[in-house]
Amino acid sequence: MSKVKLYDTTLRDGAQGEGISYSVMDKMRITKELDMLGIHYIEGGWPGSNPKDMEFYLKMAKTRLENSALVAFGSTRRPHLKANQDSNLKAILKSQAKIVAIFGKTWDLHITDVLKTTPEENLRMIKDTVDLLVAKGKTAFYDAEHFFDAYKANPKYSLNCLLAAQAAGARAVVLCDTNGGTLTSEIFKVVKEIRPRINIGLGIHCHNDSGLAVANSLAAVEAGVDMVQGTINGYGERCGNADLIPIIANLKLKMGIDCIDKDKLKELTHVSHFISEISNMRQKTDQPFVGPSAFAHKGGVHINAVMKNPKTYEHIDPIIIGNRRRILVSELAGKTGILIRAKELEFDLTKEDPKTKKILKLIQNLEHQGYHFEAAEASFELLMKKAFKKYNKFFELEGFRVVVEKRSDKRIASEAIIKLKVRGIQEHTAADGDGPINALDNALRKALKAFYPTLSKMHLTDFKVRVLDEKAGTAAKVRVLIQSQDEKDIWNTIGLSENIIEASWQALVDSVEYKLLKDKIK
Ligand SMILES: [Zn+2]
């Protein structure tokens with residue numbers, strides 16, 4: 001089994017993705033996670049570019065990593081300057097990282113138009129920089145920026161850039177598709193041509209501007225590179241970098257190439273979710289291998305087949321990479337989907353049972369109106385419990401009123417007044433809120449808290465509104481999805497109405513009732 005080294009740049013290239021900003025603590029937590037996974041190299045940042053990255057390196061110098069080596073990133077020295085006088089290189093040496101990746105120009109267009117220097121001086125810049133790093137006892141990698149565009153424009157010169165780094169003692173050169181515009185077949189061809197000319201490590205660094213970063217990285221491995229650079233979840237500038245998650249899974253499971261320990265594969269889903277949380281990025285639901293939808297089945301035909309043999313609609317067993325199969329409940333799922341969910345909820349139901357048909361009809365009817373139970377498992381569970389008469393009302397609403405008032409000082413005030421009955425006792429409460437829904441939520445809890453104290457442990461974490469038939473204008477139905485959370489669980493509920501307050505109320509009530517049922521409160 002050949003071996004490929006993984007090089008993660010989530011903390012440097014990934015941090016350049018729109019909407020991402022890491023604190024030093026975030027960077028340290030991500031580093032720990034990548035180390036646990038067994039990533040060989042972790043590029044932590046650019047110590048010459050900002051004090052935050054420098055602080056990270058100095059902190060990490062005192063931290064032990066089990067599997068990974070930390071790499072500092074920087075550029076070749078500036079034109080017509082001694083390498084040891086370059087502030088960026090001084091910062092790299094100060095960072096104490098033992099491995100340094102230096103990027104430099106290889107495309108003559110960039111050398112003349114951006115750097116405003118000569119091709120000869122650029123070669124000296126590469127040599128001097130690697131010389132300095134080697135003299136200081138560092139392991140140096142040379143990242144050849146825009147290599148594939150450069151090679152197309154001037155094959156001889158771009159190769160000379162790689163050879164200059166190699167001659168100066170670099171331990172690897174990395175071919176970068178910086179603009180992300182190269183096709184997979186071209187990547188394969190160029191790497192094949194370069195491989196015999198280089199007798200040190202050869203790496204690939206792809207961007208995803210053509211939607212090909214993962215495919216291009218794998219093609220480069222087939223053509224002979226021994227290091228793949230990328231980011232977790234493909235975060236990065238513009239359309240992102242090559243996503244290391246599917247790269248690792250494909251290398252191990254499809255190509256038989258060793259890169260991380262076999263028993264670490266099942267951590268992939270967790271690592272992807274963890275890093276999306278820290279990055280404050282929503283997890284891509286359809287992310288290959290690790291997304292929540294990656295092994296979710298919705299169509300009745302698919303569900304039927306998968307229950308007989310999962311291979312019919314799954315390319316791998318989701319357990320291997322720590323994901324799981326999900327059977328989605330929707331009108332498309334048919335009886336099988338309902339039976340599977342009923343079984344999960346410990347209801348005894350058979351295909352022939354008239355109740356099955358009744359529930360299926362009910363769901364189809366509700367979905368036709370615009371309900372969407374795939375995204376609201378808690379509302380679905382309540383629906384099943386009602387159908388099986390395993391549900392008792394926790395309170396009875398007598399009425400509510402919501403007032404929104406715009407005042408002359410431009411402030412908007414929201415207030416809700418609610419009247420309900422719990423165990424025969426009437427409650428009448430009022431509460432303010434940040435908006436009408438928040439006021440209603442506050443008033444409802446205020447009314448219930450004396451009877452159901454565990455409600456103080458739950459809170460709403462997300463609120464989504466979608467207009468269903470936009471053509472109908474203001475008379476259109478709106479669907480409200482609410483996500484709630486307590487110290488143990490997260491659950492989703494749904495409401496639907498032409499009135500947004502009413503739709504929100506339905507989702508709110510489901511959320512509260514689900515919590516009480518979950519806590520086994522009578
Ligand atoms: Zn990059």
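The structure is a predicted model, in which local features need pLDDT of at least 70, side-chain atom pairs count only at pLDDT 80 or more, and totals for chains, interfaces and linings use all residues. Residues are numbered from 1 along each chain as its sequence is written, and side-chain values use heavy atoms, with hydrogens and water left out.

**Overall build**

- The protein has 17 helices and 16 strands; helices (H or I, at least four residues) and strands (E, at least two) are DSSP runs, numbered from the N terminus.
- The C-alpha trace spans about 90 × 65 × 50 Å along its principal axes.
- Of the 522 residues, 52% count as buried; buried means under 20% relative accessible area, exposed over 50%, and partly exposed in between, with a 1.4 Å probe and protein chains only.
- Among contacts (heavy atoms within 4.5 Å) with a separation of 6 or more, 67% join residues 24 or more positions apart.

- Histidine 205 counts as buried because its relative accessibility is 5%, and histidine 207 counts as buried because its value is 4%.

**Isoleucine 275**

- Isoleucine 275 sits in helix α11, which covers residues 268–278.
- The relative accessible area of isoleucine 275 is 0%, so this residue is buried.
- Leaving aside neighbours within four places in sequence, isoleucine 275 is in contact with Thr10, Ile30, Leu34, Ile232, Asn233 and Tyr235.
- Valine 191 is 84 residues from isoleucine 275 along the chain, and their C-alpha atoms are separated by 31 Å.

**Serine 484**

- Serine 484 belongs to strand β15, residues 478–485.
- Serine 484 is buried because its relative accessible area is 0%.
- Not counting residues up to four places away in sequence, serine 484 touches Met458, His459, Leu460, Thr461, Asp489, Ile490, Trp491 and Ser511.
- The side chains of serine 484 and serine 511 make a polar contact at 2.6 Å.
- A polar contact is a pair of N or O atoms within 3.5 Å; within protein, one must be able to donate a hydrogen and the other to accept it, and residues adjacent in sequence count only if both atoms are side-chain atoms.
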